[in-house]
Each structure stands twice: as C-alpha cells, then as structure tokens.
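I opened the model to look up a few points on its fold, its ligand shell and some backbone details. My entries follow.

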Amino acid sequence: MKHPIVQEDIDVIVSAIKKEAKQLEGKRILITGGTGFLGNYFLSVFYDLNKKVLKTPCKVIVIDNYITGDKKNILGLEKSSHFKFIEHDVRVPIKVSGNIDYIIHAAGIASPVYYMKYPLETIEVATKGTQNMLELARLKKVKSFLFFSSSEIYGDPHKDHIPTPESYRGHVSSTGPRSCYDESKRLGETLCMTYSKIYGVPVKIVRPFNVYGPGMKPNDDRVLPKFLSHACMGKSLPIHGKGLQTRTYCYITDATVGFLKVLLSKGSGEVYNIGNNEGEINLVDLANVVSGLFDNKVSVVKIDYPSAYPADEPNRRCPSITKAKANLGFEPQMELKDGVSRLLQWYKETYPNLKA
Ligand SMILES: NC(=O)c1ccc[n+]([C@@H]2O[C@H](COP(=O)([O-])OP(=O)(O)OC[C@H]3O[C@@H](n4cnc5c(N)ncnc54)[C@H](O)[C@@H]3O)[C@@H](O)[C@H]2O)c1
C-alpha cells in the first residue's frame, strides 16, 4: 500500500500523461536507477498506467546497484509479472534478452555529499554507464532514450543568463569540487548527441532543476530532506555560507510529467530544462518556509562548508522552461509551500522516529 500522499501524486501524474502514455501500450521499458527517488516514481506511474490506462500492459526492467537506491522501494512490485529487477552496476556492460522499446537512464549519484564520497563512481555512471546504455539502445533499436543530465551542467551562470535557457553553454570548473558530477554529466550529454548523430539513436536529454518530494530519504543530504529532517528532530537548520545562494524547486509530480513528456516526444537530440521557472528563493528564506511549518521554534545556523560537502556552489539557479512549455505543454503547478508541506507530512508518517 502506498502512502496516500504518494498515491495522490501518482494519480496526478497518470492523469496528466494519459494521452502520451498510450504509446507505452504493450511496450518494454528499461529504467536504470529505478529504486532511487525519481526512478521509484516512474515505477509507480508505470504500475498504475497498467492498471488504469493501458489495455496491453507495459513491461518494466529495472536496473540498480543500490548504491544510493533503496531495495525497500521494490517491495510489492517484484511480485508483479510486469516488473523485473536486475541488480547490476551500469558501469559494466549488460546483455538483456528480448526487445526493448524505451530506455530511461536515471542511474546517477545525485546528492552532493554522495558525489564527494564516491567521485569515481559518479564520473563513471554518467560516462561509462551512459555509453553502455546507449550501446544497448543502439542494439535494440529503441524508440526513445532518455538521459538524466542535470542543471549542474550550467555551473555558476552569469546573471545575464538567468533564467538559464538550454542554449547556455555553462560556466563550469573542470577541476573544482563539483567537477566529478558537472563534467561527467556534460560528457554524458556529448555521448548521447554522438550516438544520435552516428547511429541514429533517438536520444532526449533532461536537465532537472532541484526536484523534491516524498521518496527522498531523510539522510539524502539534499537541502529539503536535510532541513525537514533536522526540524523534525528539533535540530537547527544548517545553512552553508551566507545562505544567499538561490534555487527554484520543482515538486516531483510536475517534474515526472515533464520527464515523461520528453521521453515520449518526437525527434532526437533534443535537450530540455525540467524545473520550476518561478519561486526563486535563497537558502535563508527557504529555511523560513520550513520553520513556518512547525509549531515549535526552529532555529537556523550559518556554518562554513563542511569538508563532506562540495563548496563552489552556483550562486543562482533558475531555469528558462520556455522550450518545454512551447513544445510539450509543460507547466509546473505545485506551489513551494504546498509541496514542502506534503513532503513534511510524508516524513512524519513514514519515519515516526524522526522526533526531537
Ligand atoms: N532529483 C533531482 O533534483 C535531480 C537533479 C538533477 C539531476 N538528477 C539526476 O537524475 C537521476 C536520478 O536522481 P535521483 O534524485 O533519483 O537520485 P537517487 O540517488 O535517489 O537515485 C539514483 C539511483 O541510481 C542508482 N545508481 C547509481 N549508480 C549506479 C550504477 N553505477 N549502476 C546502477 N545503478 C546506479 C542508485 O542506487 C539510485 O537508485 C540522477 O542521474 C541524477 O543525477 C536529479
């Protein structure tokens, strides 16, 4: 049984994507990183599409090595004949029998604390892992290949390039503390474009901008899980540096609809920002949004960058989503405060031990 908030989210996504999802009728989809935060929402969406929308169910093959994913996320689904779970590291080539129609390559090490801890794994999953999946896509002649890049490929954009469009080339360090993530995602994109040009693999690239929602583990170490778990435990909210760095946050339902629209779009070699173009907010104000959701006082503390966290953060990050709006009708709906309240309720009910 899914948590009611997650089930509501899945209902919203299924209803928004119903029309495009008809293309998945009877198809076989391979997803890497399927037990992570974003991957798990995809699995739930495919499960419900099979129940409610598709006359001939789609089959889903999930590959994960569980480096940051959670085996608990497969509970229930492993009993479904439409789902197959393979424990495998995508840095190593893999043979999969039968046809594959769609590949979603979401495996990656997404949280800054984890990519500091596993820099080589981070580089290799985005480069070798991507090439291995592109080879599979080429062999199986897939209808669409979706690569999860990142907004981090833009580095720290100059203020003239905010909101940042897909055409912006980036302002990125190749040697800095974040480079293992930023630069390997950039090379992952290059590999996708090369396979599109040389072999005609129909690739699409998404650059997600700070997606959040239920399913992010409290110890994930990205900002909202960190703030909310600290606040639940009565600890102060840690802000790195002055806290003036800004982001926009995109709730998981909006983002998943965007990702699926990109996967199921026509053409090849297209790149899309998927995120929220509104509500740019700095860390201090975000901490205030979080503390406003608690009855008891939540304190905020400014700290130096801990050694486990990569400094050199982008100062501002806000996408232009004009292209996704125009081509795909992508339009984020969820207000930040509402989305954060949903995540908080999910934490309280899923992790009752998160208490002061
Ligand atoms: N969530 C966001 O806001 C965001 C933003 C930008 C980019 N992305 C990208 O989207 C993808 C999914 O992100 P997420 O938030 O779900 O992260 P996540 O850490 O929750 O999930 C990533 C999944 O990939 C798996 N994985 C990692 N390396 C692997 C390997 N070598 N072989 C097989 N599986 C492997 C992990 O075990 C995990 O299940 C990542 O590629 C990430 O870089 C996410």
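I note that the model is predicted.

**Overall**

I counted 11 helices and 13 strands in the protein chain. I looked up the box filled by the C-alpha atoms, and it is roughly 55 × 45 × 35 Å along the principal axes. I then checked the radius of gyration: a compact globule of 356 residues would have a value near 21 Å, and the 19 Å of the protein chain agrees with that. Of the 356 residues, 49% count as buried. I also looked at contacts between residues at least 6 apart in sequence, and 83% of them join residues at least 24 apart.

**The loop between E5 and H6**

I came back to proline 163 for its peptide bond. The bond from isoleucine 162 to proline 163 is cis, with omega near -5 degrees. I found isoleucine 153 in the loop between strand E5 (144–148) and helix H6 (179–199). Is isoleucine 153 buried or exposed? I count it as buried, because it has 22 C-beta neighbours inside 10 Å and the cut-off for buried is 20 or more. Leaving out residues up to four places away in sequence, I list its contacts as Gly170, Asp182, Lys185, Arg186, Glu189 and Arg207.

I checked H6 for length. At 1.5 Å a residue its 21 residues should span 30 Å, and the end C-alpha atoms are 29 Å apart, which agrees. Just after H6, glycine 200 has a positive phi of about 70 degrees.

I noted lysine 141, with phi near 50 degrees, in the loop between helix H5 (128–140) and E5. Lysine 141 counts as partly exposed because it has 13 C-beta neighbours inside 10 Å. I noted aspartate 221 as well, with phi near 75 degrees, in the loop between E7 and H7. Aspartate 221 has 18 C-beta neighbours inside 10 Å, so I count it as partly exposed.

**Ligand shell**

I looked up the 30 residues around the ligand, and Gly33, Gly36, Leu38, Gly69 and Gly108 come nearest. Helix H2 (37–52) and strand E2 (59–64) are the elements that give two or more residues to this shell. H2 gives the most, with three. By type, I have 14 nonpolar, 13 polar and three charged residues in the shell.

**Core**

The largest nonpolar core has 99 residues, and Ile29, Phe46, Ile103, Ile104, Phe145, Leu228 and Val290 touch the most other members. H2 gives the most to this core, with nine residues. I followed isoleucine 104, which touches Ile29, Ile31, Phe42, Leu146 and Leu263 when residues up to four places away in sequence are not counted.

**H11**

I checked helix H11 (residues 336–350) last. Its 15 residues should span 21 Å at 1.5 Å a residue, and the end C-alpha atoms are 21 Å apart, in agreement. I list its buried residues as Leu336, Gly339, Val340, Arg342, Leu343, Leu344, Trp346 and Tyr347. Among the elements covering them are helix H1 (4–21), helix H7 (223–232) and helix H9 (283–291).

Note on methods: Residues are numbered from 1 along each chain as its sequence is written. This is a predicted model: local features need pLDDT of at least 70, side-chain atom pairs count only at pLDDT 80 or more; totals for chains, interfaces and linings use all residues. Helices (H or I, at least four residues) and strands (E, at least two) are DSSP runs, numbered from the N terminus. The expected span of a helix is 1.5 Å times one less than its number of residues. A residue is buried if 20 or more other C-beta atoms lie within 10 Å of its own, exposed if 12 or fewer, and partly exposed in between; C-beta atoms are placed from the backbone. Two residues are in contact if their C-beta atoms, placed from the backbone, lie within 7 Å. A residue is near a molecule or strand if its C-beta atom, placed from the backbone, lies within 6 Å of it. Ala, Val, Leu, Ile, Met, Phe, Trp, Tyr, Cys and Pro count as nonpolar, Asp, Glu, Lys and Arg as charged, and the others, Gly among them, as polar. A nonpolar core is a set of buried Ala, Val, Leu, Ile, Met, Phe, Trp, Tyr and Cys residues joined through C-beta atoms within 7 Å. The radius of gyration is taken over C-alpha atoms; the globule rule is 2.2 Å times the number of residues to the power 0.38.
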